[in-house]
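Here is a short report on a model to be read alongside its sequence. Please keep the viewer open while reading.

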Amino acid sequence: MPEVLKAPLVVEFPFTRSLGSVQSAFLTGLRERTVLGVKTTDGKVMVPPVEYDPVTADELRDLVEVESTGTVTTWAWNPEPRRGQPLGTPFAWVLVRLDGADTALLHALDAPGPDAVTTGMRVRVRWAAERTGAITDIACFEPYEGEAADAEPAAHDGQFDDAVTGIVAAARLDYVYSPGRAQTAYINALADRRTVGERCPSCRKVYVPPRGACPTCGVATTDRVEVGPAGTVTTFCIVNVKARNLDIELPYVYAHIALDGADLALHGRIAGIPYDQVRMGLKVEPVWTEGGRYPDHYRPTGEPDADYDTYKELV
Amino acid sequence: MREVAIVAFAQSDHLRTTDELSEVDMVMPVLHQVLAQTGLRTSDIGFTCSGSSDYLAGRAFSFTMTLDGVGAWPPISESHVEMDGAWAMYEAWVKLLTGEVDTALVYSYGKSSPGSVRDVLTRQLDPYYVAPLWPDSVALAALQAQALIDAGETDETALAGIAARSRESASANCHAQVKGSVPQGDYEVQPLRKGDCPPVSDGAVAVILAAGDKARELCERPAWIRGMDHRIEAHSLGVRDLTDSPSSRLAAERAGAFERPVDTAELHAPFTSQEVVLRKALKLGDDVAVNPSGGALAANPVMAAGLLRIGEAAARIHRGESDRALAHATSGPCLQQNLVAVLEGDAR
Ligand SMILES: [Zn+2]
């Protein structure tokens with residue numbers, strides 16, 4: 001079996017998320033080096049705060065200010081930090097119950113090694129030099145010698161100048177994508193300006209591009225079949241909207257094209273004919289540009305139009 | 001309540017990479033196997049439901065590709081959950097209970113090899129307070145493990161014992177990925193060593209459900225679903241008691257697990273420490289065979305490993321090796337969501 005194709009695939013997206021009033025107060029507070037929690041109906045203080053009680057579902061709005069010092073409730077030593085994590089050097093993941101809070105916050109603890117970390121140890125917030133209103137405004141925690149303050153946390157109105165109302169949560173995941181056996185064969189053939197499909201052993205239909213299985217019969221398609229190069233326009237539309245990064249004059253025609261010998265139409269752009277003269281049944285052939293890895297577009301062959309009956313099953 | 005049973009179960013071999021296979025290539029043989037076990041054809045199936053995740057594939061609507069393997073033309077009654085297949089099975093079970101259909105095909109798959117599972121799973125975390133810190137799945141499990149050690153409920157030696165027992169059990173499972181004697185290795189995230197963590201796996205699983213007499217007709221000893229329930233806990237880790245799993249216990253109670261003892265438990269515990277939590281929450285004694293298949297420590301195709309547990313439990317009933325089994329599936333960090341099914345064979 002020839003080697004399957006592989007290529008790096010990066011999926012990256014910046015999610016823009018809006019904040020509710022409690023989250024907005026908490027994250028704005030971090031920017032101002034103030035840690036806020038929220039009081040539950042039964043008087044517990046949740047840090048980080050949420051808008052609805054996870055047990056009773058009561059709406060929570062009573063903000064209080066807690067200390068930036070706290071106690072580790074559990075930890076885990078991370079010998080090899082991964083991309084995006086708070087510290088680039090080995091560190092401990094910690095759940096920290098801040099003084100005045102009844103729940104714990106997840107973050108990183110900067111410590112020289114696992115021997116320097118214990119459950120119950122005292123820590124304090126190390127603030128990031130530049131703060132924007134995000135959980136990363138806490139750069140990390142660091143060991144701290146002081147005792148816990150036992151004063152009741154004071155009420156806070158949650159009001160700050162220029163409140164943060166949204167965050168951009170950037171996400172990036174890296175993959176090595178492989179299209180599998182069937183599409184590898186299809187892509188490799190395109191490099192030789194040939195189009196190959198696969199035939200279903202059961203219903204004999206030829207699928208282009210092949211995906212490895214017949215959607216009607218649910219069995220693997222394996223017999224490789226060369227189709228085209230010419231084909232028939234089975235249906236089409238006229239595009240009047242410019243796509244980003246696409247240098248094609250408007251309007252243009254996008255069509256379903258049943259290559260000769262194929263039982264499934266693939267899509268392609270039609271050129272070499274005025275857009276308002278493209279029609280169902282038009283016979284077309286692929287046009288390759290220098291170095292192109294797939295047909296740039298399809299143009300009329302000049303043959304007579306195909307009879308509707310010859311392609312009606314493929315519309 | 002209508003009687004519903006698992007009547008067939010099939011799984012792929014679970015492998016570290018399956019480059020040459022597209023998702024449909026991986027799933028199709030498993031679908032063919034469950035259909036062959038029952039003699040059913042796609043057109044005989046009343047409802048089809050699948051579970052998978054686009055984040056593993058790195059591509060939107062990735063499940064539509066594997067539908068080709070089902071033979072979805074002419075149109076079929078079909079649904080998908082962006083979750084472990086155990087939850088797809090729950091949906092199918094409910095559909096059967098309504099009386100609308102008599103059979104259902106449930107499948108799920110995970111092809112983890114193209115990406116990094118540890119990073120991919122961070123995307124299911126709270127996007128405001130947690131995900132920006134990129135705590136990976138091993139790190140979060142390690143926090144739970146340390147909490148258990150601090151509470152005196154386990155230690156590293158006991159965890160290593162769970163790892164060894166699981167991989168030893170997996171020796172009898174021809175589909176398992178990691179089996180036999182495997183060194184515990186270095187710390188991935190302390191206190192969890194490599195041996196405490198699941199392998200990264202590609203794999204697929206399928207089951208067929210049938211109701212009443214249809215089940216008896218299709219299977220010599222159907223695995224009757226006596227109850228099934230799923231529960232979720234607060235999403236903030238710092239709110240939860242990580243040494244316990246009240247959601248598992250409640251799901252088990254609602255599924256009827258505590259009405260009579262079980263002889264087998266297939267637990268979806270990707271990390272050794274999670275087995276400690278689940279044994280306690282599900283009140284499993286030492287006389288219960290826990291993960292005779294090797295469990296998720298032996299093969300962990302994400303999104304399929306939970307349905308695998310249910311399938312393995314059902315297969316033991318089919319083979320007459322169990323009379324009453326508990327099957328558990330989990331999702332999310334530190335056993336956040338939990339599903340429990342109770343399966344029984346007819347009295348012998
Ligand atoms: Zn076919």
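Which residue forms a salt bridge with A:Glu142? A:Arg124 does, with the closest N and O atoms 3.0 Å apart. A salt bridge here is a side-chain nitrogen of Lys or Arg within 4 Å of a carboxyl oxygen of Asp or Glu.

This is a predicted model, where local features need pLDDT of at least 70, side-chain atom pairs count only at pLDDT 80 or more, and totals for chains, interfaces and linings use all residues. Residues are numbered from 1 along each chain as its sequence is written, chains are lettered from A and ligands numbered from 1 in the order in which they are written, and side-chain values use heavy atoms, leaving out hydrogens and water.

**Salt bridges**

Over all chains, the structure holds 46 salt bridges. A:Glu142 sits in strand 9 (residues 138–143) of chain A and A:Arg124 in strand 8 (residues 122–127), so their pair ties together parts 18 residues apart in sequence. Helices (H or I, at least four residues) and strands (E, at least two) are DSSP runs, numbered from the N terminus. A:Glu142 is buried, with a relative accessible area of 16%. A:Arg124 is partly exposed at 35%. Buried means under 20% relative accessible area, exposed over 50%, and partly exposed in between (1.4 Å probe, protein chains only).

Three further pairs are listed here.

| Salt bridge | Closest N to O |
|---|---|
| A:Lys312 and A:Asp309 | 3.6 Å |
| A:Lys6 and B:Asp19 | 2.7 Å |

A:Asp296 lies in the loop between strand 18 (283–287) and strand 19 (297–300) of chain A, while A:Arg269 is in strand 17 (residues 266–270), 27 residues apart. A:Asp296 is partly exposed at 34%; A:Arg269 is buried at 16%. A:Lys312 is partly exposed at 40%, and A:Asp309 is exposed at 53%. In chain B, a network of salt bridges includes B:Glu3, B:Asp213 and B:Arg216.

**The interface**

64 residues of chain A are in contact with 52 residues of chain B. Contact means heavy atoms within 4.5 Å. The area buried between the chains is about 4,600 Å², with 60% from carbon and sulfur atoms. A:Arg82, A:Tyr175 and A:Arg211 supply 13% of the area that chain A buries against chain B, more than any other three residues. Buried area is the accessible area (1.4 Å probe) that two parts lose on being put together, summed over both. Chain A and chain B share 4 salt bridges.

**The zinc site**

The zinc ion has protein donors A:Cys200, A:Cys203, A:Cys214 and A:Cys217, each through SG, at 2.2 to 2.3 Å. Donors are N, O and S atoms within 2.8 Å of the metal (3.2 Å for Na, K and Ca). Their spacing along the chain is C-x2-C-x10-C-x2-C. The 4 donor atoms subtend angles of 108 to 113°, so the arrangement is tetrahedral. Four donors count as tetrahedral if all angles lie between 85 and 135 degrees. A:Cys203 is partly exposed at 31%, as is A:Cys217 at 24%.

**A buried threonine**

A:Thr234 belongs to strand 15 (residues 231–239) of chain A. At 0% relative accessibility, A:Thr234 is buried. A:Thr234 and A:Ala265 are 31 residues apart in sequence, with C-alpha atoms 7.5 Å apart.

Conventions
Tetrahedral: all angles 85-135°; square planar, octahedral: opposite > 155°, others 65-115°.
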